[in-house]
Amino acid sequence: MEILRALENIRNPFFDELILLITRMEEQMIIIAVFCAIFWCINKRMAYVLGIVFFMSAILVQGMKIIFRVDRPWVYDPSFTTVPGAVGAATGYAFPSGHTQNAAAYLMPLGVMLNNKIVRIIMFGLALLVAFSRMYLGVHYLSDVLVSLIIVAVILWLAIKFYYNAPENNKTEALFPLIICAATIAIFAMVIIMNFAEVTEPAKLRDSVLAGGAAAGFAVGMFIEKKYINFSVKSKNVFMQILKLILGLAGTIGIMEGARILGSGLVADAIRYGLTTLWITAIYPLLIKRFLSVKGESCQKSSEKQA
């Protein structure tokens with residue numbers, strides 16, 4: 001708490017608003033837009049690395065949250081204050097930091113794969129800024145953000161070594177969706193047990209369910225796309241690329257919002273997020289291959305890497 005107390009003492013309205021802006025770099029729609037743009041229009045292999053790092057780290061972080069169940073700083077010490085507007089997004093438990101994991105899981109892989117020193121410094125710097133923002137806002141301890149950064153770094157190293165830099169279509173590629181599916185089953189099992197045993201309230205389990213549902217949809221979609229669809233990211237021109245992205249994002253938002261008809265609750269949330277990532281990774285790619293790809297264009301070699 002000493003670090004958080006020190007940051008509490010230096011807060012002011014200007015920095016409060018600036019830090020609130022920085023912490024929003026991990027917002028859901030920003031991550032979705034970045035992933036979709038890369039996956040549908042630029043480089044599928046790069047996008048798959050982003051997905052592998054994001055969902056594997058998300059499941060691990062969310063699983064650790066409900067296992068350790070560490071209270072937020074203001075719960076641990078009622079005299080401690082947070083920045084107004086920060087508590088609403090600080091759902092679930094404190095350890096590890098989900099916001100830090102979300103931001104680092106797309107910024108750090110981009111920094112590595114874009115293979116540019118300046119870009120790498122910027123991306124890693126932004127990830128560290130988001131981690132710092134969580135402490136400044138008073139919603140996480142130092143241990144929360146450090147563990148999340150370490151988790152992302154380790155999974156990123158594994159994804160780069162055994163997927164991105166590995167020969168295309170080797171046996172290790174199939175391991176990643178299988179591992180994600182296995183981790184999803186494990187986290188759903190923990191949620192079910194904890195919910196029925198009333199270890200914690202359902203609201204504290206929701207983030208784990210969302211991560212599991214989205215990860216399952218990604219893993220299934222990755223398998224289907226690679227084995228049966230294999231679409232090309234190329235289109236006739238820039239206009240068609242922009243149109244492809246706009247239509248796909250519109251469909252993504254439509255599914256996320258339309259699936260609310262399933263109702264509320266943990267099961268409905270899991271299905272909604274699973275359908276969304278399945279749309280992104282398999283259903284819309286099938287439509288791209290059928291209607292929006294260059295006719296006669298073979299799939300872009302997914303081993304191609306960004307310079």
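Predicted model: local features only at pLDDT ≥ 70, side-chain atom pairs only at ≥ 80, totals over all residues.

Biologist: Which radius of gyration does the protein chain have, and why does it agree with a compact globule?

Modeller: Along the principal axes, the C-alpha atoms fill a box of roughly 65 × 50 × 35 Å. For 307 residues, a compact globule would have a radius of gyration near 19 Å. The protein chain agrees with this, because its own value is 20 Å.

Biologist: Is aspartate 269 buried or exposed?

Modeller: Aspartate 269 is found in helix α12, which covers residues 266-292. Its relative accessible area is 7%, and the cut-off for a buried residue is under 20%. Aspartate 269 is therefore buried.

Biologist: With which side chain does the side chain of aspartate 269 make a polar contact?

Modeller: Leaving aside neighbours within four places in sequence, aspartate 269 is in contact with Val209, Leu210 and Arg206. A polar contact requires a pair of N or O atoms within 3.5 Å. At 2.8 Å, the side-chain partner of aspartate 269 in such a contact is arginine 206.

Biologist: How far apart do the centres of the positive and negative side chains lie?

Modeller: The protein chain has 27 positive and 19 negative side chains. The centres of these two sets are separated by 13 Å.

How values were computed
Residues numbered from 1 in each chain as written. Heavy atoms only, no water. Rg over C-alpha atoms; globule rule 2.2 N^0.38 Å. Lys, Arg positive; Asp, Glu negative; His and termini not counted. Charge placed at Lys NZ, Arg CZ, Asp CG, Glu CD. Helix = DSSP H or I, 4+ residues; strand = E, 2+ residues; numbered from the N terminus. Buried < 20%, exposed > 50% of the residue type's maximum accessible area, 1.4 Å probe, protein only. Polar contact = N/O pair within 3.5 Å; in protein donor to acceptor, adjacent residues only side chain to side chain. Contact = heavy atoms within 4.5 Å.
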